[in-house]
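Trainee: Can we go through this one? I'd like to start with the inside.

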Amino acid sequence: MTSFDPLDPLGLADDAPLFAAWLRMSAGVRSGSTRFFSIPGHKQSSRLTGPLVDGDLPLYAGLDTVQLSGGLLAEAEQRAAALWGVDWCRFSVGGSTHANQAVALAVGAPGDTVIVSRTLHRSMLTGLILAGLRPVWVHPELDERHGLPLGVPREAVAQALAHHPEAKAVLVGDPSYVGTTGDIAGLASTAHAAGVPLIVDGAWAAHFGFHPGYPTHALALGADALVLSAHKTLPAMNQAALLLARTSCASRAPGLLDPSRLERGFEAGHTTSPSGAILASIDASRALLQHHGDRLLGALFDLRLNAVEKLREVPGLEVMTGEGTDPAKLVIRLPGTGACGLKVDARLRAAGFTIEMADRDTLVPMLTLADEAPAVDALVSAIITAVDAERASAREAVFAPSWRTVPVTGTAPREAFFAPHETVGALDAVGRVSAELIAPYPPGVPVLAPGEVITQEIVDALRQVAHDGGRIAYVEDPTLTTFQVVGRTPTSGR
């Protein structure tokens with residue numbers, strides 16, 4: 001019987017080759033039997049910067065040789081592919097951002113058309129710019145009562161494909177940032193009928209498919225590729241993500257995705273100095289999900305349900321739950337309480353609680369496999385106290401600009417990104433084509449993308465977010481006094 005190892009409390013190393021290598025190398029560092037004369041430059045020493053670098057072991061000349069002669073990364077990725085039921089997987093240390101951009105580089109050539117959900121994360125939009133793809137936007141259905149996005153309707157994708165038979169892929173995000181889910185099986189069927197792959201950014205869904213109380217993961221529903229953030233709902237390190245794909249299929253052999261293009265797309269943005277610690281944490285999280293997922297997800301399900309029941313006792317407060325929502329996601333709606341979510345968030349921070357997201361109407365405290373009842377109970381009590389302290393007259397729910405924006409395309413994103421640009425005042429920016437990507441963060445869903453026309457409605461909506469205390473990200477001037485716009489040309493008249 002293997003003795004208990006506090007560095008591997010659940011005994012995952014036997015089924016996690018990268019994690020096992022990290023444990024061995026860490027032991028060598030502690031004992032002094034391993035001496036580094038390779039990067040990283042801290043040499044595993046805390047003499048200069050303290051314990052900040054503890055455990056930061058490299059993959060090359062660390063967990064494996066520079067030549068990767070041990071094959072540990074390939075073995076770990078094969079085990080993940082097998083768990084999700086596909087034949088291709090890569091681990092990313094650049095988060096879902098890198099994985100989304102790799103997919104964009106893999107599905108088409110510059111100038112090709114793709115069908116894209118407009119509420120996808122900014123990383124896919126920047127992927128379109130890198131790849132030179134031209135998006136045809138489709139929009140999710142909207143929950144008018146709660147002011148939140150739902151899934152992209154199958155009919156919208158079918159119509160877009162009918163109008164653009166030249167499209168090379170369909171790209172959607174599911175679940176949404178607020179945990180709402182759509183008809184992935186229907187979208188996959190629709191895409192495949194048109195002969196194109198369905199790519200799903202499932203960054204928030206790494207836990208789907210491993211407990212009967214949760215939705216089935218997108219690959220099992222027919223998607224051809226799936227992006228997962230292991231650091232969001234699984235206990236992996238920040239920046240840990242997986243890109244999984246089906247490149248061969250008995251019913252569609254050889255498949256709708258080219259593994260060589262996927263490899264090239266992935267490597268194009270992949271660092272040549274990957275963190276062995278991050279990679280090992282993906283490996284360990286996969287093993288955890290495989291061997292303990294059902295038990296841990298069941299506990300999380302109950303933990304969240306208990307929190308929901310307590311929060312529902314607060315007058316005016318609503319919690320999103322039920323069919324079409326992630327059973328692990330705690331999405332709290334505040335309009336009925338009159339409280340401003342950003343002010344509630346400030347009170348929570350002052351009390352020592354950090355949460356994932358807050359805007360005027362919504363709070364999203366993340367619950368994961370790592371949570372335990374005492375901490376969640378304390379969080380719920382703090383939320384109730386903060387909401388009561390900020391209570392005001394009830395108000396109507398409104399859609400955040402990330403969900404309600406319907407863009408007007410002036411030019412392709414890549415063309416706008418590389419075009420000469422100029423800085424103009426907000427008043428003069430209206431009617432001009434944006435050269436920059438602008439998104440309230442979180443959720444990081446662009447309200448303006450390069451190539452889209454700036455409207456007064458968009459300017460007003462962004463300014464309202466800023467006025468409420470939200471962060472306006474990726475913009476040259478976060479005060480929104482000025483905007484970067486595509487320069488005028490003598491021929492265009494713009």
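Mentor: β6 (170–173) and α6 (184–193) each contribute at least two residues to the lining of the largest cavity. Helices (H or I, at least four residues) and strands (E, at least two) are DSSP runs. A cavity is a set of 1 Å grid points where a 1.4 Å probe fits but cannot get out, and lining residues have an atom within 4 Å of a point. The model is predicted, with local features needing pLDDT of at least 70 and side-chain atom pairs 80 or more, while totals for linings use all residues. Numbering runs from 1 along each chain, and side-chain values use heavy atoms, without hydrogens or water.

Trainee: How many cavities of 30 Å³ or more are there?

Mentor: One, from a search of the whole structure. The largest cavity holds about 30 Å³ of space.

Trainee: Which residues line the largest cavity?

Mentor: Gly-151, Val-152, Val-172, Gly-173, Asp-174, Gly-182, Asp-183, Ile-184 and Leu-187. That lining splits into four nonpolar, three polar and two charged residues, with Gly counted as polar.

Trainee: New topic. Where is His-217?

Mentor: In the loop between β7 (198–201) and β8 (225–229).

Trainee: Buried or exposed?

Mentor: His-217 has 8% relative accessibility, so it counts as buried (under 20%; exposed is over 50%, 1.4 Å probe).

Trainee: What is His-217 in contact with?

Mentor: Trp-84, Phe-208 and Gly-209, leaving aside neighbours within four places in sequence; contact means heavy atoms within 4.5 Å.

Trainee: And the sheet with β10, what is its strand order?

Mentor: β10-β11-β13-β12, an open, antiparallel sheet of four strands. β10 (318–319) and β12 (357–358) are the edge strands, each pairing on one side only. β11 (residues 332–333) and β13 (residues 362–364) share two bridges, and pairing takes at least two. Ile-332 has Leu-363 of β13 as its bridge partner.

Notes:
On a 1 Å grid over the protein atoms alone, a cavity is a set of points where a 1.4 Å probe fits but cannot get out, and a pocket is an open set with protein on both sides within 12 Å along at least five of seven lines; lining residues have an atom within 4 Å of a point. Grid points are joined across faces, edges and corners, and a volume is the space filled by probe spheres set on the points.
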